[in-house]
Amino acid sequence: MQGVYLDHGATTPLDEEVLEAMLPYLKEIHGNPSSVHSFGSKARKGLNEAREKVAAALNASPEEIFFTSGATEANNIAIQGVARALSSRGRHIITSSIEHHAVLDTVHYLGQVGFDVTFLPVDRYGIVDLDALVDSITEDTILVTVMTANNEIGTIQPIEKIAEICRERGIYFHTDAVQAIGHLPINLKEQPIDMLSLSAHKFYGPKGVGALYCRKGTKIGQLCFGGAQERKLRPGTENLPGIVGLGRAIELATSDIENKSKNLAALRDRLIRGLLEIEDVRLNGHPQKRLPGNVNVSVLYVEGESLLLDLNLKGVAASSGSACTSGSLEPSHVLTAIGLDHQTAQGSLRLSLGKSNTAGEIDYTINSMKEIVQRLRKMSPVLKK
Ligand SMILES: *Cc1c(COP(=O)(O)O)cnc(C)c1O
């Protein structure tokens, strides 16, 4: 066996068709899209077409799409950009307690330089409390940022309701939609979302490229200065091969979403059922409102890191919480926010499925887990209270 890759939440392999679309831009088409000569216009054509594809996938307009180096940068531009543009109007920002670090660390920073930040609580499934949102809004609130779906536990937020609450009160709403692209339908002509971040390598595109959707008229200040690329919001010569790859990847990812999600969710449920057959294993996240590829479990009386290493020896690639927290001793802020105690959080595992996974791989993973958990629990019975 080649190895079972169950870490699509961290990154996905590059789709063959995406690579094919990128190759001409790594070989023949080397011009700078800003140049006036024919080399430049060829490059510019590729850039424009990619922008149209991203816009079409989200039902937005091309001039509302800004290419970035990924979602980390897109989140920073959106959040810090609004903070800069609107600081004279208000200095209060609302987010959730289970955001990705690209959002959390950005608002923490703003908290240090004079902004007030509210971290909304979530219920035991990871769903944001809408009453708390409404209650926390003040005259000073300029931005609400809540992720579309969580990268660790897969919980899908009621972002349409959140967006409506914000729209009614004239407050900007940004969402980190990285994990949703290709799994949940997005329609920005209908959803009152002002800004949205995405990253290509989470949906079979290349690493190091992403985009920020910014609704026409949204006031946002630039963070970087230099050229006029991306209408000055993200200056610097464009990563054209990456951008072309992103265009093709989002086109593929957003076609036939319903069927693909249904099939992936069936595999996910097969894995969940199998894992829950093991004694003292609990599912984290919402049983229904969850990403079709996400499984997150707590295996009581076992160390998550040991599980991860033993799974790796069997050729199964999974993750403990998010990639960024892996290797650190701090329990995941997401698992803590849904109420897990330190020890239960430490024994947690994320298995994120993708389009190449098979039922055979899932069954192999279940059997491997059964074996490993039994052995680990025998080895360290002291953990059992
Ligand atoms: C992966 C991820 C990011 C960061 O994307 P980069 O490509 O590393 O910039 C942000 N938010 C979520 C929810 C993610 O899963």
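This short talk walks through the pocket, the cavity and the cysteines of one structure.

Hello everyone, and thanks for coming. What we have is a predicted model, in which local features need pLDDT of at least 70, side-chain atom pairs count only at pLDDT 80 or more, and totals for chains, interfaces and linings use all residues. Residues are numbered from 1 along each chain as its sequence is written, and side-chain values use heavy atoms, with hydrogens and water left out.

Let's begin with the largest pocket. A pocket here is an open set of points on a 1 Å grid over the protein atoms alone, with protein on both sides within 12 Å along at least five of seven lines, and a lining residue has an atom within 4 Å of a point. The volume of the largest pocket is about 490 Å³. Its lining has 32 residues, and His183, Tyr204, Leu264, Gly354 and Lys355 are the closest to the centre.

Where does that lining come from? At least two residues each come from helix H1 (16-26), helix H7 (240-253), helix H8 (257-276) and strand E12 (348-352). H8 gives the largest share, five residues. Domain 1 (4-12 + 257-379) and domain 2 (16-253) each contribute at least three residues to this lining. By type, the pocket lining has twelve nonpolar, 14 polar and six charged residues; Gly counts as polar in this scheme.

Now to the cavity, meaning a set of grid points where a 1.4 Å probe fits but cannot get out. The structure has one cavity of 30 Å³ or more, and the largest cavity has a volume of about 30 Å³. Ten residues line the largest cavity, with Glu99, His100, Asn151, Glu152 and His333 closest to its centre. Two of the lining residues are nonpolar, six are polar and two are charged. Because domain 1 (4-12 + 257-379) and domain 2 (16-253) both give residues to that lining, the largest cavity lies between them.

Last, the cysteines. How many disulfides does the structure hold? It holds zero, where a disulfide is a pair of cysteine sulfur atoms within 2.5 Å.

Notes:
Grid points are joined across faces, edges and corners, and a volume is the space filled by probe spheres set on the points. Helices (H or I, at least four residues) and strands (E, at least two) are DSSP runs, numbered from the N terminus. Domain bounds come from an automatic or database domain assignment.
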